[in-house]
Amino acid sequence: MVYPILTKARATGKKLLAVLIDPDKARRENLQQLADYANDGEIDVFLWGGSLVNALQAEYYLKFLKESAGSTPVILFPGSVNQLDEQADALFLLSLISGRNSDMLIGRHVQVAVKIKRMGLETISTGYMLIDGGRPTSVSYMSNTTPIPADKPPIAAATALAGEQLGMKLIYMDAGSGALNPVSSKVIKAVRREVELPIVVGGGIRTAARAAESLAAGADMIVVGNGLENDANWLPELAAAVREASTPDASPKQEVGAKAEA
Ligand code: 1GP
């Protein structure tokens with residue numbers, strides 16, 4: 001089970017690093033390098049998905065990652081219903097609660113609910129919120145939704161709270177891949193004050209300092225994609241910042257990895 005990794009992190013103050021891999025941009029060498037970092041305990045979770053995913057070898061790349069990265073869990077972060085793959089350990093079942101496109105709130109889910117069950121994928125019901133990152137992103141365009149304005153923390157907080165009250169298990173705030181401005185600390189703090197759920201933050205995080213800021217504001221896990229696609233050499237610096245942001249008595253990374261296998 002993967003979800004307990006997130007709840008345990010939330011409970012202990014251990015901060016998590018997730019690396020997002022867009023199958024369309026995957027390269028063997030880059031995957032191998034990231035897998036090596038994961039095996040060294042530098043990456044807690046992989047997210048797998050993209051807005052489009054045209055690559056015919058997506059399945060093959062996921063197999064390669066699963067074989068190379070040992071016990072590090074891979075969670076599907078699907079941009080469409082075509083991105084389900086039973087090789088993954090879990091699925092962020094995204095409901096785009098910042099938008100008002102009914103298809104993204106429940107419609108697509110109906111299309112694949114039975115398939116997900118048959119695949120036996122662990123589903124993690126996720127209140128997915130787009131926060132304006134300074135320019136239109138693939139997600140806002142593809143989902144035909146308007147992000148929450150970056151300077152309206154109360155709207156973000158109320159939206160997240162509604163997700164929690166609806167029984168979702170996780171809040172994912174995303175400024176969108178390649179965002180000019182990551183989700184601000186003000187927005188993260190406002191949401192943290194209102195909800196108990198684990199909070200994931202991603203989009204436009206390109207430095208260790210920025211990651212540390214998001215974690216200090218209340219994120220339990222940060223997601224970095226773009227910033228590692230062409231150059232993963234700064235990952236140790238990023239992982240160190242995530243470790244430092246953890247509360248001192250948080251469980252060591254190895255224990256969390258071990259839990260994933262249980
Ligand atoms: C986007 O949160 C992810 O959905 C990661 O964004 O690619 O900008 O790191 P980046």
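Predicted model: local features only at pLDDT ≥ 70, side-chain atom pairs only at ≥ 80, totals over all residues.
Student: How much space lies in the largest cavity?
Tutor: Picture probe spheres set on the grid points; the space they fill is the volume. For the largest cavity that's about 90 Å³.

Student: Which helices and strands each supply at least two residues of its lining?
Tutor: The largest cavity is lined by 13 residues (an atom within 4 Å of a point). Leu20, Ile21, Asn30, Leu34 and Glu229 lie nearest its centre. Using DSSP runs (helices H or I of at least four residues, strands E of at least two), the suppliers are β1 (16-21), α2 (28-39) and α9 (226-229).

Student: Now the largest pocket: which element gives the most to its lining?
Tutor: A pocket is an open set with protein on both sides within 12 Å along at least five of seven lines, and the largest holds about 880 Å³ of space. Of its 47 lining residues, Gly50, Ser51, Pro78, Gly79 and Val139 are the closest to the centre. Elements that each supply at least two residues include β1, β4 (90-96), α5 (138-143), β6 (170-174), β8 (221-224) and α9. The top contributor, with six residues, is α4.

Student: Where does the ligand sit?
Tutor: Look at what surrounds the ligand: 13 residues (a heavy atom within 4 Å), with Asp174, Ser177, Gly178, Gly225 and Asn226 the closest. To sit in a site, more than half of a molecule's atoms must lie within 2 Å of its grid points. By that test, the ligand sits in the largest pocket.

Student: How far is a backbone N or O atom of Asn226 from an oxygen atom of the ligand?
Tutor: Start with Gly204, where a backbone N or O atom lies 2.8 Å from a ligand oxygen. Gly225 also places a backbone N or O atom 2.8 Å from an oxygen of the ligand. For Asn226 the distance is 2.8 Å.

Note on methods. Residues numbered from 1 in each chain as written. Heavy atoms only, no water. Polar contact = N/O pair within 3.5 Å; in protein donor to acceptor, adjacent residues only side chain to side chain. 1 Å grid on protein atoms, 1.4 Å probe; cavity = no way out; pocket = protein on both sides within 12 Å on 5 of 7 lines; lining within 4 Å.
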